[in-house]
Amino acid sequence: RSDIKTQYKLSVRDLKLSDAGIYTCEYGTHKVHTSLHIVNLTISLDGHFLQNEVPELILTQNSSSPLPDLSITLFDSNNNRVTPKIQNRSRQKYIVNLKKLKTMDSGTWVCQIHSDSPLINQNISFAVKVLGFQNPDLERKYAIVDSPVILSWDLNSQKIKWKKGFTGQLNWKQQEGGESHELLDFSITAEGQLHETKKSNNLLFEIPESKPESTIQVKLPKVHFNHSGQYQCQLEYERRHAQSKIELVVMKVSANPAGPLSRGASVTLTCQVSGPLASNAYLSWEPVNGAKMDIKNSKQCEVKLEVNIITAGLWSCHLIEDGDKKISFHYHVEEASVWINNVIVGASIGGSLLAFALGCLCIISGVSWHRRRQRAKRMAQARQHLLENKTCQCQQ
(Lines give C-alpha, C1' and ligand atoms only; values in the text may rest on other atoms or scores of the structure.)
Protein backbone atom coordinates (compact mmCIF):
# COMPACT_ATOMS: atom_id res chain seq x y z
CA ARG A 1 0.00 0.00 0.00
CA SER A 2 3.00 2.30 -0.26
CA ASP A 3 4.65 4.06 -3.18
CA ILE A 4 7.81 6.10 -3.50
CA LYS A 5 6.43 9.28 -5.05
CA THR A 6 9.80 11.02 -5.33
CA GLN A 7 13.28 10.37 -3.99
CA TYR A 8 12.29 11.65 -0.56
CA LYS A 9 8.50 11.05 -0.38
CA LEU A 10 6.58 7.96 0.64
CA SER A 11 2.84 7.64 0.03
CA VAL A 12 0.73 5.16 2.03
CA ARG A 13 -2.83 4.43 0.84
CA ASP A 14 -5.86 3.21 2.81
CA LEU A 15 -4.40 3.92 6.20
CA LYS A 16 -5.25 1.58 9.06
CA LEU A 17 -4.87 2.06 12.79
CA SER A 18 -2.03 -0.46 12.73
CA ASP A 19 -0.08 1.85 10.40
CA ALA A 20 0.54 4.24 13.29
CA GLY A 21 4.13 4.38 14.54
CA ILE A 22 7.55 5.92 13.88
CA TYR A 23 8.81 6.06 10.31
CA THR A 24 12.57 6.52 9.77
CA CYS A 25 14.25 7.90 6.70
CA GLU A 26 17.96 7.02 6.40
CA TYR A 27 20.41 8.79 4.12
CA GLY A 28 23.93 7.66 4.65
CA THR A 29 24.65 8.16 8.29
CA HIS A 30 21.72 10.53 8.72
CA LYS A 31 18.37 9.40 10.16
CA VAL A 32 15.12 11.38 10.34
CA HIS A 33 12.19 10.10 12.43
CA THR A 34 8.53 10.93 11.79
CA SER A 35 5.72 9.90 14.15
CA LEU A 36 2.46 8.96 12.42
CA HIS A 37 -0.66 9.44 14.57
CA ILE A 38 -3.84 7.90 13.08
CA VAL A 39 -7.45 8.70 14.01
CA ASN A 40 -10.37 6.68 12.71
CA LEU A 41 -14.02 7.82 12.79
CA THR A 42 -16.88 5.39 12.13
CA ILE A 43 -20.61 6.06 12.21
CA SER A 44 -23.26 3.47 12.96
CA LEU A 45 -25.50 2.04 10.21
CA ASP A 46 -23.05 3.39 7.65
CA GLY A 47 -24.64 6.83 8.01
CA HIS A 48 -28.12 5.74 6.77
CA PHE A 49 -30.79 6.47 9.38
CA LEU A 50 -34.54 6.79 9.81
CA GLN A 51 -35.95 9.84 11.52
CA ASN A 52 -35.85 9.79 15.34
CA GLU A 53 -32.95 7.33 15.38
CA VAL A 54 -29.83 8.16 17.41
CA PRO A 55 -26.47 7.79 15.61
CA GLU A 56 -23.40 6.47 17.36
CA LEU A 57 -19.93 7.75 16.53
CA ILE A 58 -16.80 5.82 17.43
CA LEU A 59 -13.52 7.74 17.39
CA THR A 60 -10.42 5.57 17.71
CA GLN A 61 -6.76 6.68 17.76
CA ASN A 62 -3.38 4.97 17.67
CA SER A 63 0.10 6.30 18.13
CA SER A 64 3.56 5.09 19.09
CA SER A 65 3.68 7.68 21.86
CA PRO A 66 1.24 7.95 24.80
CA LEU A 67 -2.26 8.69 23.48
CA PRO A 68 -3.42 12.26 24.02
CA ASP A 69 -6.72 13.29 25.60
CA LEU A 70 -8.81 14.51 22.67
CA SER A 71 -11.37 17.29 22.70
CA ILE A 72 -14.33 16.55 20.40
CA THR A 73 -16.64 19.13 18.86
CA LEU A 74 -19.45 18.30 16.42
CA PHE A 75 -21.21 20.47 13.82
CA ASP A 76 -24.35 19.33 12.04
CA SER A 77 -25.27 19.79 8.39
CA ASN A 78 -26.48 23.34 9.09
CA ASN A 79 -23.15 24.20 10.78
CA ASN A 80 -24.81 24.30 14.19
CA ARG A 81 -22.72 23.12 17.10
CA VAL A 82 -24.00 19.86 18.61
CA THR A 83 -23.22 18.82 22.16
CA PRO A 84 -22.75 15.03 22.06
CA LYS A 85 -23.29 12.55 24.86
CA ILE A 86 -20.05 10.64 25.40
CA GLN A 87 -20.66 7.07 26.58
CA ASN A 88 -17.03 5.91 26.69
CA ARG A 89 -13.95 8.08 27.05
CA SER A 90 -10.89 5.89 27.15
CA ARG A 91 -8.00 7.56 25.34
CA GLN A 92 -7.97 4.87 22.71
CA LYS A 93 -11.71 4.89 21.93
CA TYR A 94 -14.40 7.53 22.28
CA ILE A 95 -18.06 6.46 21.86
CA VAL A 96 -20.39 9.39 21.23
CA ASN A 97 -24.21 9.36 20.97
CA LEU A 98 -25.89 12.16 19.04
CA LYS A 99 -29.41 13.56 19.30
CA LYS A 100 -32.51 12.08 17.69
CA LEU A 101 -32.29 12.86 14.00
CA LYS A 102 -34.80 14.78 11.91
CA THR A 103 -35.00 14.79 8.15
CA MET A 104 -33.51 18.29 8.08
CA ASP A 105 -30.32 16.89 9.66
CA SER A 106 -29.37 15.16 6.41
CA GLY A 107 -26.09 16.36 4.93
CA THR A 108 -22.39 16.60 5.76
CA TRP A 109 -21.40 16.75 9.41
CA VAL A 110 -17.99 17.70 10.81
CA CYS A 111 -16.17 16.19 13.76
CA GLN A 112 -13.50 18.55 15.04
CA ILE A 113 -10.77 17.00 17.21
CA HIS A 114 -8.17 18.93 19.16
CA SER A 115 -5.14 18.17 21.33
CA ASP A 116 -2.45 20.44 22.75
CA SER A 117 0.24 17.78 23.11
CA PRO A 118 0.87 16.63 20.56
CA LEU A 119 -0.76 19.48 18.69
CA ILE A 120 -3.73 18.14 16.76
CA ASN A 121 -6.35 20.20 14.95
CA GLN A 122 -8.21 18.00 12.58
CA ASN A 123 -11.64 18.22 10.95
CA ILE A 124 -13.21 14.93 9.87
CA SER A 125 -16.31 15.19 7.71
CA PHE A 126 -18.87 12.41 7.40
CA ALA A 127 -22.19 12.02 5.57
CA VAL A 128 -25.54 11.56 7.30
CA LYS A 129 -28.71 10.59 5.43
CA VAL A 130 -31.99 10.65 7.33
CA LEU A 131 -34.93 8.99 5.57
CA GLY A 132 -38.37 10.03 6.74
CA PHE A 133 -41.35 12.31 6.39
CA GLN A 134 -41.09 16.04 6.01
CA ASN A 135 -44.43 16.34 7.87
CA PRO A 136 -44.43 17.00 11.61
CA ASP A 137 -44.59 13.92 13.84
CA LEU A 138 -48.25 14.72 14.54
CA GLU A 139 -50.21 16.98 12.21
CA ARG A 140 -53.86 18.04 12.53
CA LYS A 141 -56.05 18.40 9.47
CA TYR A 142 -59.49 20.01 9.68
CA ALA A 143 -62.42 19.39 7.33
CA ILE A 144 -66.12 20.25 7.07
CA VAL A 145 -68.52 17.34 6.75
CA ASP A 146 -69.42 16.47 3.12
CA SER A 147 -66.43 18.42 1.77
CA PRO A 148 -63.39 16.87 -0.01
CA VAL A 149 -60.10 16.46 1.85
CA ILE A 150 -56.64 15.27 0.80
CA LEU A 151 -54.21 13.77 3.31
CA SER A 152 -50.58 13.96 2.19
CA TRP A 153 -47.22 12.65 3.43
CA ASP A 154 -44.03 13.94 1.80
CA LEU A 155 -41.00 11.64 1.86
CA ASN A 156 -37.52 13.09 1.44
CA SER A 157 -36.02 10.14 -0.44
CA GLN A 158 -35.58 12.17 -3.63
CA LYS A 159 -34.14 15.14 -1.79
CA ILE A 160 -31.38 13.15 -0.08
CA LYS A 161 -30.90 10.84 -3.10
CA TRP A 162 -31.60 7.66 -1.17
CA LYS A 163 -30.23 4.83 -3.29
CA LYS A 164 -32.00 1.91 -1.65
CA GLY A 165 -35.63 0.78 -1.88
CA PHE A 166 -38.05 0.64 1.04
CA THR A 167 -41.68 -0.25 1.71
CA GLY A 168 -44.52 1.18 3.76
CA GLN A 169 -48.22 1.27 4.50
CA LEU A 170 -51.00 3.68 5.44
CA ASN A 171 -53.35 2.76 8.31
CA TRP A 172 -56.43 4.45 9.77
CA LYS A 173 -58.18 4.10 13.08
CA GLN A 174 -60.90 6.26 14.57
CA GLN A 175 -59.44 6.51 18.05
CA GLU A 176 -56.35 5.61 20.02
CA GLY A 177 -56.40 1.91 20.80
CA GLY A 178 -59.19 1.22 18.30
CA GLU A 179 -59.22 -1.20 15.40
CA SER A 180 -56.75 -0.32 12.66
CA HIS A 181 -57.65 -0.47 8.96
CA GLU A 182 -54.92 -0.76 6.33
CA LEU A 183 -55.81 1.60 3.49
CA LEU A 184 -52.86 1.06 1.16
CA ASP A 185 -49.32 -0.23 1.00
CA PHE A 186 -46.49 1.19 -1.09
CA SER A 187 -42.93 0.55 -2.14
CA ILE A 188 -40.28 2.87 -3.52
CA THR A 189 -37.48 1.45 -5.62
CA ALA A 190 -33.84 2.57 -5.55
CA GLU A 191 -34.64 4.60 -8.70
CA GLY A 192 -37.33 6.51 -6.79
CA GLN A 193 -40.38 4.95 -8.47
CA LEU A 194 -43.46 4.77 -6.24
CA HIS A 195 -45.89 1.84 -6.39
CA GLU A 196 -49.15 1.91 -4.41
CA THR A 197 -51.83 -0.72 -3.84
CA LYS A 198 -55.27 -0.04 -2.37
CA LYS A 199 -55.97 -2.49 0.45
CA SER A 200 -59.33 -1.61 2.05
CA ASN A 201 -62.89 -0.90 0.96
CA ASN A 202 -64.05 0.07 4.44
CA LEU A 203 -63.53 3.72 3.66
CA LEU A 204 -64.53 5.47 0.47
CA PHE A 205 -61.27 7.09 -0.63
CA GLU A 206 -59.19 7.58 -3.76
CA ILE A 207 -55.48 7.56 -4.60
CA PRO A 208 -54.77 10.72 -6.63
CA GLU A 209 -52.92 10.01 -9.84
CA SER A 210 -51.13 13.33 -10.22
CA LYS A 211 -48.90 14.25 -7.27
CA PRO A 212 -45.27 15.10 -6.49
CA GLU A 213 -42.64 12.39 -6.45
CA SER A 214 -42.18 10.43 -3.21
CA THR A 215 -45.53 11.69 -1.92
CA ILE A 216 -48.17 9.43 -0.35
CA GLN A 217 -51.71 10.80 -0.72
CA VAL A 218 -55.28 9.69 -0.10
CA LYS A 219 -58.36 11.69 -1.06
CA LEU A 220 -61.77 11.54 0.60
CA PRO A 221 -64.13 13.08 -2.00
CA LYS A 222 -66.91 13.55 0.56
CA VAL A 223 -65.72 13.25 4.12
CA HIS A 224 -68.15 11.86 6.69
CA PHE A 225 -68.24 12.62 10.38
CA ASN A 226 -67.06 9.08 11.20
CA HIS A 227 -64.10 9.34 8.80
CA SER A 228 -62.23 11.26 11.48
CA GLY A 229 -59.37 9.73 13.44
CA GLN A 230 -55.67 8.97 13.11
CA TYR A 231 -54.13 8.29 9.72
CA GLN A 232 -50.63 6.85 10.18
CA CYS A 233 -48.16 6.46 7.34
CA GLN A 234 -45.33 4.08 8.17
CA LEU A 235 -42.23 3.17 6.20
CA GLU A 236 -39.92 0.21 6.75
CA TYR A 237 -36.24 -0.06 5.89
CA GLU A 238 -34.07 -2.99 6.97
CA ARG A 239 -36.60 -4.01 9.64
CA ARG A 240 -36.61 -0.51 11.11
CA HIS A 241 -39.63 1.75 11.07
CA ALA A 242 -40.50 5.43 10.92
CA GLN A 243 -43.99 6.90 10.95
CA SER A 244 -45.94 10.11 10.76
CA LYS A 245 -49.55 10.72 11.87
CA ILE A 246 -52.26 13.06 10.64
CA GLU A 247 -55.21 13.61 12.97
CA LEU A 248 -58.32 14.35 10.89
CA VAL A 249 -60.89 16.46 12.76
CA VAL A 250 -64.32 16.86 11.10
CA MET A 251 -66.84 19.61 11.93
CA LYS A 252 -70.61 19.48 11.50
CA VAL A 253 -73.52 21.81 12.34
CA SER A 254 -77.16 20.91 13.01
CA ALA A 255 -80.33 22.86 13.86
CA ASN A 256 -83.22 21.85 16.13
CA PRO A 257 -85.87 22.29 14.90
CA ALA A 258 -84.68 22.27 11.30
CA GLY A 259 -86.27 24.50 8.68
CA PRO A 260 -87.29 28.18 8.53
CA LEU A 261 -87.53 30.17 11.73
CA SER A 262 -91.08 31.40 12.31
CA ARG A 263 -91.97 34.59 14.17
CA GLY A 264 -91.74 34.21 17.93
CA ALA A 265 -90.04 30.81 17.74
CA SER A 266 -86.45 29.82 18.58
CA VAL A 267 -83.92 27.35 17.19
CA THR A 268 -80.88 25.65 18.72
CA LEU A 269 -77.74 25.52 16.59
CA THR A 270 -75.18 22.85 17.52
CA CYS A 271 -71.58 22.93 16.33
CA GLN A 272 -69.61 19.74 16.94
CA VAL A 273 -66.17 18.38 16.10
CA SER A 274 -65.31 14.71 15.85
CA GLY A 275 -62.32 14.52 18.14
CA PRO A 276 -60.61 16.12 21.13
CA LEU A 277 -59.14 19.56 20.58
CA ALA A 278 -55.74 20.84 21.52
CA SER A 279 -55.46 22.67 24.84
CA ASN A 280 -55.15 25.99 23.01
CA ALA A 281 -58.20 25.43 20.75
CA TYR A 282 -61.90 26.20 21.20
CA LEU A 283 -65.18 26.55 19.28
CA SER A 284 -66.92 29.87 18.69
CA TRP A 285 -70.38 30.86 17.40
CA GLU A 286 -70.47 34.24 15.68
CA PRO A 287 -73.40 36.07 14.08
CA VAL A 288 -72.50 37.39 10.62
CA ASN A 289 -75.53 39.37 9.49
CA GLY A 290 -79.15 39.71 10.48
CA ALA A 291 -78.57 38.04 13.84
CA LYS A 292 -78.41 39.98 17.07
CA MET A 293 -76.35 38.14 19.64
CA ASP A 294 -72.89 38.25 21.15
CA ILE A 295 -70.13 35.81 20.21
CA LYS A 296 -70.29 32.60 22.25
CA ASN A 297 -67.15 30.54 22.93
CA SER A 298 -66.81 27.00 24.23
CA LYS A 299 -64.87 26.03 27.31
CA GLN A 300 -61.54 24.22 27.17
CA CYS A 301 -61.75 20.63 25.85
CA GLU A 302 -65.43 21.02 24.82
CA VAL A 303 -66.15 19.40 21.45
CA LYS A 304 -69.76 20.66 21.19
CA LEU A 305 -71.16 24.18 21.43
CA GLU A 306 -74.86 25.14 21.33
CA VAL A 307 -76.48 28.52 20.84
CA ASN A 308 -80.18 29.44 21.04
CA ILE A 309 -81.35 32.09 18.59
CA ILE A 310 -84.65 33.83 17.86
CA THR A 311 -83.49 35.91 14.88
CA ALA A 312 -82.88 34.61 11.37
CA GLY A 313 -79.58 35.29 9.64
CA LEU A 314 -76.13 33.87 8.85
CA TRP A 315 -74.19 32.21 11.64
CA SER A 316 -70.60 30.95 11.60
CA CYS A 317 -68.99 28.34 13.81
CA HIS A 318 -65.19 28.68 13.99
CA LEU A 319 -62.54 26.35 15.32
CA ILE A 320 -59.85 28.65 16.68
CA GLU A 321 -56.36 27.49 17.62
CA ASP A 322 -53.63 29.84 18.82
CA GLY A 323 -55.81 32.76 17.76
CA ASP A 324 -56.10 31.50 14.14
CA LYS A 325 -59.33 30.30 12.55
CA LYS A 326 -58.47 26.80 11.39
CA ILE A 327 -61.89 26.05 9.91
CA SER A 328 -65.34 27.69 9.69
CA PHE A 329 -68.83 26.34 9.03
CA HIS A 330 -71.41 28.87 7.80
CA TYR A 331 -75.07 28.10 8.56
CA HIS A 332 -77.95 30.23 7.31
CA VAL A 333 -81.09 30.32 9.41
CA GLU A 334 -83.93 31.26 7.06
CA GLU A 335 -86.92 33.30 8.12
CA ALA A 336 -90.31 31.77 7.46
CA SER A 337 -92.27 33.35 4.56
CA VAL A 338 -95.02 35.89 5.28
CA TRP A 339 -97.78 33.51 4.22
CA ILE A 340 -96.38 30.86 6.50
CA ASN A 341 -96.39 33.30 9.38
CA ASN A 342 -99.97 34.30 8.45
CA VAL A 343 -100.97 30.65 8.36
CA ILE A 344 -99.34 30.15 11.73
CA VAL A 345 -101.07 33.25 13.14
CA GLY A 346 -104.38 32.20 11.57
CA ALA A 347 -103.96 28.71 12.88
CA SER A 348 -103.25 30.14 16.32
CA ILE A 349 -106.34 32.39 16.18
CA GLY A 350 -108.45 29.62 14.72
CA GLY A 351 -107.23 27.26 17.36
CA SER A 352 -108.07 29.79 20.04
CA LEU A 353 -111.58 30.36 18.61
CA LEU A 354 -112.12 26.62 18.30
CA ALA A 355 -111.02 26.13 21.88
CA PHE A 356 -113.37 28.95 22.97
CA ALA A 357 -116.28 27.43 21.03
CA LEU A 358 -115.61 24.03 22.49
CA GLY A 359 -115.47 25.56 25.93
CA CYS A 360 -118.82 27.32 25.42
CA LEU A 361 -120.37 24.15 24.07
CA CYS A 362 -119.13 22.24 27.07
CA ILE A 363 -120.58 24.85 29.42
CA ILE A 364 -123.95 24.83 27.65
CA SER A 365 -124.03 21.06 27.61
CA GLY A 366 -123.14 20.99 31.28
CA VAL A 367 -125.89 23.45 32.22
CA SER A 368 -128.50 21.55 30.14
CA TRP A 369 -127.44 18.25 31.67
CA HIS A 370 -127.65 19.73 35.14
CA ARG A 371 -131.21 21.05 34.46
CA ARG A 372 -132.36 17.69 33.12
CA ARG A 373 -130.99 15.99 36.18
CA GLN A 374 -132.82 18.44 38.52
CA ARG A 375 -136.13 17.93 36.60
CA ALA A 376 -135.80 14.16 36.81
CA LYS A 377 -135.10 14.43 40.51
CA ARG A 378 -138.23 16.56 41.13
CA MET A 379 -140.44 14.15 39.15
CA ALA A 380 -139.13 11.21 41.17
CA GLN A 381 -139.91 13.06 44.38
CA ALA A 382 -143.46 13.84 43.13
CA ARG A 383 -144.14 10.19 42.29
CA GLN A 384 -142.90 9.17 45.71
CA HIS A 385 -145.21 11.75 47.31
CA LEU A 386 -148.31 10.47 45.40
CA LEU A 387 -147.59 6.91 46.40
CA GLU A 388 -147.34 7.92 50.03
CA ASN A 389 -150.74 9.76 49.82
CA LYS A 390 -152.54 6.77 48.25
CA THR A 391 -151.25 4.52 50.94
CA CYS A 392 -152.64 6.82 53.64
CA GLN A 393 -156.15 6.88 52.03
CA CYS A 394 -156.34 3.08 51.85
CA GLN A 395 -155.54 2.79 55.56
CA GLN A 396 -158.35 5.19 56.47
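This is a predicted model: local features need pLDDT of at least 70, side-chain atom pairs count only at pLDDT 80 or more; totals for chains, interfaces and linings use all residues.
Let me begin with the aromatic rings, of which the structure holds 4 pairs. One of these is formed by Trp172 and Tyr231, which are stacked, with 5.9 Å centre to centre and 25° between the planes. Trp172 belongs to strand E16, residues 166-173, while Tyr231 belongs to strand E20, residues 229-237, so this pair ties together parts of the chain that are 59 residues apart in sequence. Both Trp172 and Tyr231 are buried.

Another pair is made by Trp285 and Trp315, and here the arrangement is edge-to-face, with the centres 6.4 Å apart and 80° between the planes. Since Trp285 lies in strand E23, residues 281-289, and Trp315 in strand E26, residues 313-321, the pair ties together parts that are 30 residues apart in sequence. Trp285 and Trp315 are likewise buried.

Is Arg240 buried or exposed? Its relative accessibility is 15%, and because the cut-off for buried is under 20%, Arg240 counts as buried. As for what surrounds it, the side chain of Arg240 reaches the backbone oxygen of His48 at 3.1 Å, and, if we leave aside residues up to four places away in sequence, Arg240 touches Leu45, His48, Phe49, Leu50, Glu53 and Leu235.

Leu235 brings me to the nonpolar cores. The largest one has 30 residues, and within it Trp153, Phe166 and Leu235 touch the most other members. At least two residues of this core come from each of strand E15 (149-154), E16, strand E17 (181-188), strand E19 (215-220), E20 and E21. Looking at Phe166 in particular, and again not counting residues up to four places away in sequence, its contacts include Leu131, Leu155, Phe186, Ile188, Leu235 and Tyr237.

How values were computed:
Residues are numbered from 1 along each chain as its sequence is written. Side-chain values use heavy atoms; hydrogens and water are left out. Rings of Phe, Tyr and Trp (its six-membered ring) pair if their centres lie within 6.5 Å; planes under 30 degrees apart count as stacked, over 60 as edge-to-face and the rest as tilted. Helices (H or I, at least four residues) and strands (E, at least two) are DSSP runs, numbered from the N terminus. Buried means under 20% relative accessible area, exposed over 50%, partly exposed in between (1.4 Å probe, protein chains only). A polar contact is a pair of N or O atoms within 3.5 Å; within protein, one must be able to donate a hydrogen and the other to accept it, and residues adjacent in sequence count only if both atoms are side-chain atoms. Contact means heavy atoms within 4.5 Å. A nonpolar core is a set of buried Ala, Val, Leu, Ile, Met, Phe, Trp, Tyr and Cys residues joined through side-chain atoms within 4.5 Å.
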